Amino acid sequence: MLVEVLAAHLPAYTKMVVTGNRGGLPVPLTLGPSCIARVTDVAPDVFHVAPGDVVVDTSRLDAGDGDEILVGWVGLGGTGTGSERTDRMRTVWRDGVFAERALCAKETLIKLPGAETYPDPARLSFLPWLCIAASGLYAAGPLTGRDVAVIGATGQLGGAAVLVALASGAATVTAVGRNKAALDRLAELGPRVRTHQLTGDRATDAAGIGPVDVALDTLGATPTADATMAAYDSLRRNGALVLVGGVRQTLTIPYGDLMHRRLTLRGSWMSDDQTVTTVWNMIRSGLLDLSAVELLTVGLDDPATALDLAERTTGLAFVALVP
Ligand SMILES: NC(=O)c1ccc[n+]([C@@H]2O[C@H](COP(=O)([O-])OP(=O)(O)OC[C@H]3O[C@@H](n4cnc5c(N)ncnc54)[C@H](OP(=O)(O)O)[C@@H]3O)[C@@H](O)[C@H]2O)c1
């Protein structure tokens, strides 16, 4: 499918991806993991979208049996280590969407009915992050009337998770992070939002976070697993901890504790088509209000400055590339 890129989220850690410490990429390539786009042409065997449709590109290409790639980005599904088959997939589908036009695999594009008239496509480019957060939250089961904590809520994925949890009917959402100013901003979203500023002490943090029914870990790379384990400790009986962040530490889970408290520990990676449709419908209906998110835009002409800006932009703010 050929698309005209309307806007693409520039993740805060894109500079780290470019400098090469977030996993290998087939180079040279055009980066870009997701975008909002208008379809301009389709191959004869494409039936789920047509020229003129507005779509989201999730970049996730799944060959089954654990072989999944993100086109134009780091990160592999399955074991996360890749295979001869993911290498071949990345050779054929190499280029992402930080571009004016892109050629995309049909599996990566999901139609957004009604988005043709959405007034602000740049703002809508936050949708993929909302969907990743939503997939993680929904992996814990229904959220309505439950107490939810988001660990790393001061980041973009965490901020997205707070918005989705509120829109999905959580009784309370505890935003957890280091950055006081970002926590204060989240508190302004409404009376259901509580905040806890991380202290670094596991017991203190667990007491400050919980008790909660669901904890979503959206942290970036941390030197220890203490904040994640504080979230584990904060769970009520039957609670669930879902991991979606960039923490690459080993978690020490006491067997008897997990069993007796009947806890669930889940992982979640990217998002599925159904969740994309659900989150888009929440935005479209006004249930999830994107005006709470601060939008900064950049063009294609000065990549270095754009990456610097993205690195500095987090919390309930993000950078969109509008080519
Ligand atoms: N599972 C998936 O499908 C998926 C998809 C996309 C991204 N991710 C992962 O999600 C992670 C977060 O992405 P993002 O876009 O939200 O990034 P981001 O905006 O940079 O947020 C990073 C978050 O981690 C926190 N953090 C970083 N270092 C910390 C430390 N030493 N101690 C405590 N908190 C720390 C930051 O807190 P401060 O605000 O205090 O700095 C912030 O809340 C990334 O690492 C990425 O790998 C996963």
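Reader: Which residues does Leu-124 touch, not counting residues up to four places away in sequence?

Author: A contact means heavy atoms within 4.5 Å. Leu-124 touches Ile-36, Leu-112, Ala-115, Tyr-118, Trp-280, Ile-283 and Leu-290, with residues up to four places away in sequence left out. This is a predicted model: local features need pLDDT of at least 70, side-chain atom pairs count only at pLDDT 80 or more, and totals for chains, interfaces and linings use all residues. Residues are numbered from 1 along each chain as its sequence is written, and side-chain values use heavy atoms, with hydrogens and water left out.

Reader: Which residues touch the most other members in the largest nonpolar core?

Author: A nonpolar core is a set of buried Ala, Val, Leu, Ile, Met, Phe, Trp, Tyr and Cys residues joined through side-chain atoms within 4.5 Å. Buried means under 20% relative accessible area, exposed over 50%, partly exposed in between (1.4 Å probe, protein chains only). Here the largest core has 84 residues, and Leu-112, Leu-124, Leu-130, Val-279, Ile-283 and Leu-288 touch the most other members. Its largest share, 9 residues, comes from helix 5 (residues 156–167). Helices (H or I, at least four residues) and strands (E, at least two) are DSSP runs, numbered from the N terminus.

Reader: Why does this core lie between domain 1 and domain 2?

Author: Domain bounds come from an automatic or database domain assignment. Domain 1 (2–126 + 293–321) and domain 2 (130–267) both give residues to this core, so it lies between them.

Reader: What is the strand order in the open sheet?

Author: Two strands pair if DSSP finds at least two bridges between them. The 6 strands run 10-9-8-11-12-13, with parallel pairing. Strand 10 (193–197) and strand 13 (264–267) are the edges, each pairing on one side only. Axes are lines fitted to C-alpha atoms, for helices over the stretch in contact; angles run from 0 to 180 degrees between N-to-C directions. The twist averages 20° from one strand to the next. Helix 6 (residues 180–187) packs on the sheet and touches strand 9 and strand 10. Its direction makes about 170° with that of strand 10.

Reader: Is Ser-268 buried or exposed?

Author: Ser-268 counts as buried because its relative accessibility is 18%. It sits in the loop between strand 13 and helix 10 (273–284).

Reader: And Val-27: buried or exposed?

Author: Val-27 is exposed, at 63% relative accessible area. Its loop lies between helix 1 (14–19) and strand 2 (35–41).
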